[in-house]
Amino acid sequence: MTRDGSRPSATARALVALGIGVAVVVGLFLVDALAPAIFPDPLPTRAQDGLTLAVSVLIESLPFVVLGVVLSIAVQVWVPPGLIERWMPRRAWARRAVLSLLGMLIPVCECGNVPFARGLLMRGFSVSETMTFLIAAPIVNPIVIITTHAAFGFDDGILVVRLIGGYLIANLIGWLYSRHPSPDALLTDRFRDTCELALVRVPVEAGSAGALGERGRRSLAQFVVELRAVMPALIIGSAIAGAVQVLIPREVLLAIGSNPALSIVAMIALAMVVSICSNVDSFFALSFASTFTPGSLVAFLLVGPLVDVKMLALMRTTFTTRALAGVVVVVLLAAFAIGTGVNLLA
């Protein structure tokens with residue numbers, strides 16, 4: 001336990017993670033024993049597929065997480081104080097609008113944006129501003145724009161709707177959380193402690209002889225801190241994504257792909273569990289283009305980068321469960337509404 005006894009210890013958190021893993025394994029056996037006809041493949045094959053999927057999600061995400069940590073350190077340690085802030089508009093809504101476009105300069109997927117967002121919070125950006133960046137960046141970054149265009153071109157307006165929809169959802173969430181009476185309550189106790197430790201460090205004068213060495217030591221220490229914070233969440237999120245995929249028959253989702261409303265719901269559910277990197281998710285969605293409606297594809301491309309299980313696990317290192325629940329509700333409702341509009345207009 002911590003000093004105030006309000007948070008579980010590292011051992012308790014590890015036991016909870018282990019309990020989740022055991023529950024997933026038990027669930028696999030129960031489903032196989034009680035309803036063997038649901039899945040065409042035997043349990044060992046599904047378990048192997050689930051492990052393969054989990055490892056592939058982890059390997060796919062890891063380089064972007066490391067890049068995001070490096071960018072986070074650059075923001076926290078190497079960028080002079082006030083440099084970013086001087087370029088920001090004074091009005092809150094305008095600052096959020098600019099920050100939501102910052103992802104265009106950071107070509108990483110959603111995994112790398114979480115460490116970078118933590119760096120913005122440590123620099124003093126507000127929770128609502130950082131949340132706006134974090135939600136928008138996985139969609140407006142240049143690689144995602146290029147890959148979405150390569151997959152769909154301008155067919156059915158999928159690319160344009162994805163960009164505009166992601167931007168609007170991010171600013172809506174930022175505005176909603178800017179109204180929160182106690183923004184610090186949206187952050188986890190552990191992250192607030194990390195911020196306090198960063199603030200009490202004694203700054204070193206830029207012209208002093210030890211400035212470069214001190215920044216190097218801070219960078220290395222912060223690299224370790226950030227990796228320790230996000231890697232367990234990434235591993236657990238990848239494992240959950242792999243397990244869920246072998247527990248939900250794909251045939252069930254494909255059977256309802258032609259229904260305007262149910263297809264959106266199905267693709268939203270699929271987006272949350274498959275946890276594909278936003279840099280390449282367009283090509284995965286393209287494989288459903290012949291059976292699913294355009295609106296459902298848009299919903300998939302909006303929901304996946306924002307609130308899949310891997311992303312939520314990473315965001316949980318910084319934001320409380322209640323804060324993330326609000327984000328999920330807004331994203332799902334907005335994605336459903338946008339997808340419905342696309343289906344009506346397509």
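**View 1. Phe300 and its surroundings in the predicted model.** Setting aside neighbours within four places in sequence, Phe300 touches Met267, Leu270, Ala271, Val274, Asp281, Phe284, Ala285 and Pro305; contact here means heavy atoms within 4.5 Å. This is a predicted model, where local features need pLDDT of at least 70, side-chain atom pairs count only at pLDDT 80 or more, and totals for chains, interfaces and linings use all residues. Residues are numbered from 1 along each chain as its sequence is written, and side-chain values use heavy atoms, with hydrogens and water left out.

**View 2. The largest nonpolar core.** Phe300 turns up again here, alongside Ile135, Ile173, Met315 and Phe319, as the residues with the most contacts inside a core of 64 residues. Such a core is a set of buried Ala, Val, Leu, Ile, Met, Phe, Trp, Tyr and Cys residues joined through side-chain atoms within 4.5 Å. Buried means under 20% relative accessible area, exposed over 50%, and partly exposed in between (1.4 Å probe, protein chains only).

**View 3. The salt bridge between Glu129 and Arg95.** The closest N and O atoms of this pair are 2.7 Å apart. Glu129 belongs to helix H6 (residues 127–140) and Arg95 to helix H4 (residues 92–99), so the pair links parts 34 residues apart in sequence. Both Glu129 and Arg95 are buried. A salt bridge needs a side-chain nitrogen of Lys or Arg within 4 Å of a carboxyl oxygen of Asp or Glu, and the whole structure holds 2 of them.

**View 4. The salt bridge between Asp189 and Arg192.** Here the N to O distance is 2.3 Å. Asp189 and Arg192 sit 3 residues apart in helix H9 (residues 189–200), so about one helical turn separates them; helices are DSSP runs (H or I, at least four residues), numbered from the N terminus. Asp189 is partly exposed, at 28% relative accessible area, and Arg192 is partly exposed too, at 26%.

Conventions. Helices (H or I, at least four residues) and strands (E, at least two) are DSSP runs, numbered from the N terminus.
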